[in-house]
Amino acid sequence: MARVFKEEEYKAKRDQILDVAMSLVYSKGYEQMTIQDILDGLKISRGAFYHYFDSKQALLEALIERSPNEVIQTFLPMVQDPHLSAIQKIQSILDASTRWKTAQKELILSALKIWYSDKNALIRQRMVTESLKHMSRLLEPIIRQGIEEKVFTTSYPAEVAVIFTGVALSLSDSLVELMLTPHPDQETFQKAQTILKAYFDSIERILGAPSGSFKVLDVEVFRELFMEP
């Protein structure tokens, strides 16, 4: 029991360091963040920090590994739900992602300005690469299910999962650019809608799914992301 407790305590403290580090990444950028910033934020000694991470690079690796895993854990219940069809699973993932972004809009907009700056170019690219790997693994069994259900006609589920994820990441970059528009208006929203429709059309073609398999997200919910209140 003592060992289990120590392992849980170790993990909790390590996660606390990662939380503070990620907060600093969003507030000032990875390149500008120092180990001393983390020590000051947590009121811990340098020796205590090095007990968990032997360098800033090791901290970066842990951040890159953790973020995609957290996303995967959010989507896993949908992927594993035996009552959902392949199309329903993908739609659920898309809907859940948009709802979360809408609920956290102010936080996301503030964070994106730093996240998409040159200060975070290194960690952003590394996380994109890691996300591509993790999300494609999540999507592959759904695509295989769709093939079994005869709603997807692709013969390359593993490869298509990677392409699907790459298209999704590209979509994210395009939408972020619009979200960061200084004064978003109806035209901004319409551009976002057009990009999203093109995205759905693309993934249906990639999967070999019938046209209209995926519904455009709730218009009012989606509008909130791109229109000023």
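These legends describe close-up views of a predicted model of one protein.

**Figure 1. Overview of the helices in the protein.** The protein has ten helices and zero strands. Read from the N terminus, its elements run α-α-α-α-α-α-α-α-α-α. The protein has 229 residues, and buried residues make up 40% of them. Among contacts between residues at least 6 apart in sequence, 69% join residues at least 24 apart. The protein exposes about 13,000 Å², and carbon and sulfur atoms supply 55% of this area.

**Figure 2. The nonpolar core around Phe 214.** The largest nonpolar core has 30 residues. Ile 90, Phe 152, Tyr 199, Leu 207 and Phe 214 are the residues with the most contacts inside this core. At least two of its residues come from each of α4, α5 (86-103), α7 (121-148), α8 and α9 (186-207). What does Phe 214 touch, not counting residues up to four places away in sequence? The list is Ile 87, Ile 90, Gln 91, Phe 152, Phe 200, Ile 203, Glu 204 and Leu 207. A second, separate core has 23 residues, including Leu 18, Leu 60, Ile 64 and Met 127. In soluble globular proteins, nonpolar side chains tend to be buried together.

**Figure 3. The aromatic pair of Tyr 10 and Tyr 52.** The count of aromatic pairs comes to four. In one of them, the rings of Tyr 10 and Tyr 52 are 4.8 Å apart, centre to centre, with 35° between their planes, and the pair is tilted. Tyr 10 lies in helix α1 (residues 2-28), whereas Tyr 52 lies in the loop between α3 (46-50) and α4 (56-80), so the pair ties together parts that are 42 residues apart in sequence. Is each of the two residues buried or exposed? Tyr 52 counts as buried because its relative accessibility is 17%, which is under the cut-off of 20%.

**Figure 4. The aromatic cluster of Phe 49, Tyr 50 and Phe 53.** These three residues form one aromatic cluster. The ring centres of Phe 49 and Phe 53 are 5.9 Å apart and their planes stand at 40°, so this pair is tilted. Both Phe 49 and Phe 53 are buried. A pair of aromatic rings is described by the distance of the centres and the angle of the planes.

**Figure 5. Ile 44 and Lys 43 in the loop between α2 and α3.** Ile 44 is found in the loop between α2 (35-42) and α3, and Lys 43 lies in that loop as well. Which of these residues is buried and which is exposed? Ile 44 is buried, with a relative accessible area of 16%, whereas Lys 43 counts as exposed at 70% relative accessibility. Not counting residues up to four places away in sequence, Ile 44 touches Lys 13, Ile 17, Leu 39 and Phe 49. Ile 44 and Ile 17 are 27 residues apart in sequence, and their C-alpha atoms are 9.9 Å apart. Lys 43 is a residue other than glycine with a positive phi, near 60°. Most residues other than glycine have a negative phi, and most peptide bonds are trans.

Figure 6. How does the span of α7 agree with its number of residues? At 1.5 Å a residue, its 28 residues should span 40 Å, and its end C-alpha atoms are 40 Å apart, which agrees. α7 bends by about 25° at Leu 139, and a proline, Pro 141, follows within four residues. The phi of Lys 150 is positive, near 65°, in a residue other than glycine. Lys 150 is exposed, with a relative accessible area of 71%.

**Figure 7. Helix α8 and its buried residues.** Helix α8 (residues 157-179) has 23 residues, which should span 33 Å at 1.5 Å a residue. Its end C-alpha atoms are 32 Å apart, which agrees. Which residues of α8 are buried? They are Pro 157, Val 160, Ala 161, Phe 164, Thr 165, Leu 171, Leu 175, Val 176, Leu 178 and Met 179. An α-helix has 3.6 residues a turn, so residues three or four places apart point the same way.

Terms used. Residues are numbered from 1 along each chain as its sequence is written. This is a predicted model: local features need pLDDT of at least 70, side-chain atom pairs count only at pLDDT 80 or more; totals for chains, interfaces and linings use all residues. Side-chain values use heavy atoms; hydrogens and water are left out. The expected span of a helix is 1.5 Å times one less than its number of residues. Buried means under 20% relative accessible area, exposed over 50%, partly exposed in between (1.4 Å probe, protein chains only). Rings of Phe, Tyr and Trp (its six-membered ring) pair if their centres lie within 6.5 Å; planes under 30 degrees apart count as stacked, over 60 as edge-to-face and the rest as tilted. A nonpolar core is a set of buried Ala, Val, Leu, Ile, Met, Phe, Trp, Tyr and Cys residues joined through side-chain atoms within 4.5 Å. Contact means heavy atoms within 4.5 Å. Accessible areas come from the Shrake-Rupley method with a 1.4 Å probe; for residues, only the protein chains shown count as cover. The bend at a residue is the angle between axes fitted to the seven residues ending there and the seven starting there.
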